[in-house]
Amino acid sequence: MYRDIIEAELTQWRSRIEKLAMDIWENPEGANAEYKACRWTAELLRDAGFTVEVGVAGLATAIRASYGSGKPVYGLLGEYDALPGLSQKVSAVREPVEPGGMGHGCSHNLLGAAHVGAAIAMKKLIELGKISGTVVFFGCPGEEEHRGKGLMAREHLFDDVDFNISFHPYSRNTVSYGTSAALRGFRLHFKGRSAHAGTMPHQGRSALDAVELTNVGINYLREHVPTTVRMHYVITQGGTAPNIVPDSASGWYYVRAATVKTLNEVYERMLDVARGAALMTHTELQIEDQGGCYPTMPNHTLCDVLYEILQTEPQEPWTEEELAFAEALNDDPELTNHLFPGGVTPKTFGSSGGSSDVGDVQHVSPGVFFYTACRNTACVGHSWQATACSGHSIGLKGMLYAAKIMAIFGSRVMSDPALLETAKAEFRQKVAKEPFVCLYPSDYQVTTAEN
């Protein structure tokens, strides 16, 4: 629907959208510190005629940009944070720009810019009177730490949204009919007493012992939780020298589960393990609750519409240079398609072990999550290969295709009140089983780096 208008608008703005994606790629910033990405994104949206608010929900790098008036309200969920250690040049061999530096190994530079492009195309349709309602771009910081959207939901930023969409770069075109896992993050800090480890160890109380006993207990707990539960941890502080009994030690933990109910139950059991470790070692325990996110809850009524659009809307063909670059990146000689050839993969309804704060928004309004091919077919997420493709024309083509798909999808849903009401009825039925209650404490505030 309105494909010609959408394509013409994206063509007019293509160079600006691509520049935004590449500027963000060349200046990767971590979770909740995306100051440049936020500023450039807001500037482009203002230039396009949107009303732009920056710093919403108490988050320095969060954006709400809107155009239009009244209902329905279409929400586009953008992101722009990068990952540590995944710096990489546009090269088919491992070649970091800055060894150990940040890089867009999850392709959020493409993700954010694609939603901007879709918003601009939707604005044109509203301007021309083809559709009525409001389009809202949400710049959501800190996705890699599962924080932005949950905190924005806590502050009711999505309450007026009638339906929402989230695109993510991937190695193929597909619609997410399945669910991701709910997640909680927390840190445990133990305080003990230092002593000479050789001459007076009995005078010490080892905080590191407490961390290690906690981790042992969590590993024993794995046998006694549902099979969908996952628990991960790293020791972030373990002492200063072997001959000093550590008086402080810390660990960082994630727990995932299929439902929030199970998530919270296992979370409390993990905390009980830590409390027991503190008792055994005569140390003090401080629990730092870092909140979490809900499982995704895709709206299948809207998923079917999106799936049909991906089936019928062609993508821009790959060039020989792009195919050769992807072939050089692929490490599987059995692969014949080095880049996804087009169309959409068959529907799948399984559950993913990963997590996304998109789930928080999908528990507030009907939502869909989809992917387009922006990487070589053998590429995995959170890899240097993904960073390389995110700065290549391969990624830019997939990004613009996603922008077109989101605009076509939005125009179709906004033009069909009966379809939207069916989607809302499905949403109400699903959310009744697990109503949204933000997993962040009411006084939780994100600590950001200096701008």
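Reader: Which residues does H168 touch, leaving out those up to four places away in sequence?
Author: In this predicted model, H168 touches C106, H108, L111, F369, F370, Y371, T372 and R375.

Reader: Where is H168 found?
Author: H168 is in strand β5, which covers residues 163–170.

Reader: Is H168 buried or exposed?
Author: Buried. Its relative accessibility is 13%, and the cut-off for buried is under 20%.

Reader: Switching to pockets. How much space lies in the largest pocket?
Author: About 1200 Å³.

Reader: How many residues line the largest pocket, and which lie nearest its centre?
Author: The lining has 49 residues, and C106, S352, G354, S355 and H382 lie nearest the centre. Elements that give two or more residues to that lining include β5, β8 (230–237) and β11 (367–373). The largest share comes from β9, with 4 residues.

Reader: And how does the lining of the largest pocket divide by class?
Author: There are 21 nonpolar, 21 polar and 7 charged residues in it.

Reader: Now cavities. How many of 30 Å³ or more does a search of the whole structure find?
Author: The search finds 2.

Reader: Which residues line the largest cavity?
Author: E145, H146, R147, L183, G185, W252, Y254, Q290, G291, G292 and Y440. β10 gives the most to this lining, with 3 residues. By class, the lining of the largest cavity has 4 nonpolar, 5 polar and 2 charged residues.

Reader: What lines the second largest cavity?
Author: Q315, E316, W318, A373, K397, G398 and Y401 line it. Helix α11 provides the largest share of that lining, 3 residues. The classes there are 3 nonpolar, 2 polar and 2 charged.

Reader: Stay on α11. How many residues does it have, and how far does it reach from first C-alpha to last?
Author: α11 runs over residues 393–414, has 22 residues and reaches 32 Å, close to the 32 Å expected at 1.5 Å a residue.

Reader: Why is α11 described as largely enclosed by the rest of the structure?
Author: Because 20 of its 22 residues are buried.

How values were computed
Residues numbered from 1 in each chain as written. Predicted model: local features only at pLDDT ≥ 70, side-chain atom pairs only at ≥ 80, totals over all residues. Heavy atoms only, no water. Buried < 20%, exposed > 50% of the residue type's maximum accessible area, 1.4 Å probe, protein only. Contact = heavy atoms within 4.5 Å. 1 Å grid on protein atoms, 1.4 Å probe; cavity = no way out; pocket = protein on both sides within 12 Å on 5 of 7 lines; lining within 4 Å. Points joined across faces, edges and corners; volume = space filled by probe spheres on them. Nonpolar A, V, L, I, M, F, W, Y, C, P; charged D, E, K, R; others polar. Expected span 1.5 Å × (residues − 1).
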